[in-house]
Amino acid sequence: MKINFRNEINGVKVITAIAQDAKTNQILMLANMNKEALIKTIETGKAHYWSTSRNKLWLKGESSGHIQEVEEILVDCDMDAVILKISQTGAACHEGYLSCFYRKLNTNEVDIENLKDEDLEVILERLVNPKDVY
């Protein structure tokens, strides 16, 4: 049995990784991991991901200091996705929010191709100004 790096982005085989707060169970972010990122995460106890936009390995919090300490790794039934149960330092989101899921979609007759400001409701407070950190 082995981890199934079945998804391919920009020619790199990856799995889906969900970061979840170990205490509150709040979903903080979703990212991708290649084999190297998963190995580094296991070795260091700190979340590493594969940046699909920069095409490189990325230690979460490397530039911002908003590190994710990994407490547990859960693997799904297809072995192609993981949940990292983490302790988050600072904001998980590059927009400065604790969670990347800081907006709620208002579902009353929404045109998902042309979302307007009123279609999305910000439900979390920003922790930091991203310009100060990233």
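A: Let's start with aspartate 78, which sits in the loop between strand S6 (68-75) and strand S7 (81-88). Keep in mind as you look that this is a predicted model. The UniProt record, an unreviewed entry, places the feature "binding site" at Asp76, Asp78 and Asp80. Aspartate 80 belongs to the loop between S6 and S7 as well.

Aspartate 80 has a relative accessible area of 13%, and because the cut-off for buried is under 20%, aspartate 80 is buried.

Their surroundings are worth a look too. Setting aside neighbours within four places in sequence, aspartate 78 is in contact with Asn4 and Arg6. With residues up to four places away again not counted, aspartate 80 touches Asn4, Arg6, Asn7, Ile15 and Thr16.

Now step back to the whole chain. The protein chain is built from two helices and nine strands, and along the sequence they follow the pattern β-β-β-α-β-β-β-β-β-β-α. The C-alpha trace spans about 45 × 30 × 30 Å along its principal axes. Of the 134 residues, 35% count as buried. Among contacts between residues at least 6 apart in sequence, 44% join residues at least 24 apart.

Finally, on charge, the protein chain carries 16 positive and 21 negative side chains, and the centres of the two sets lie 6 Å apart.

Terms used. Residues numbered from 1 in each chain as written. Predicted model: local features only at pLDDT ≥ 70, side-chain atom pairs only at ≥ 80, totals over all residues. Heavy atoms only, no water. UniProt positions renumbered as here; feature names shortened; annotations may be inferred. Helix = DSSP H or I, 4+ residues; strand = E, 2+ residues; numbered from the N terminus. Contact = heavy atoms within 4.5 Å. Buried < 20%, exposed > 50% of the residue type's maximum accessible area, 1.4 Å probe, protein only. Lys, Arg positive; Asp, Glu negative; His and termini not counted. Charge placed at Lys NZ, Arg CZ, Asp CG, Glu CD.
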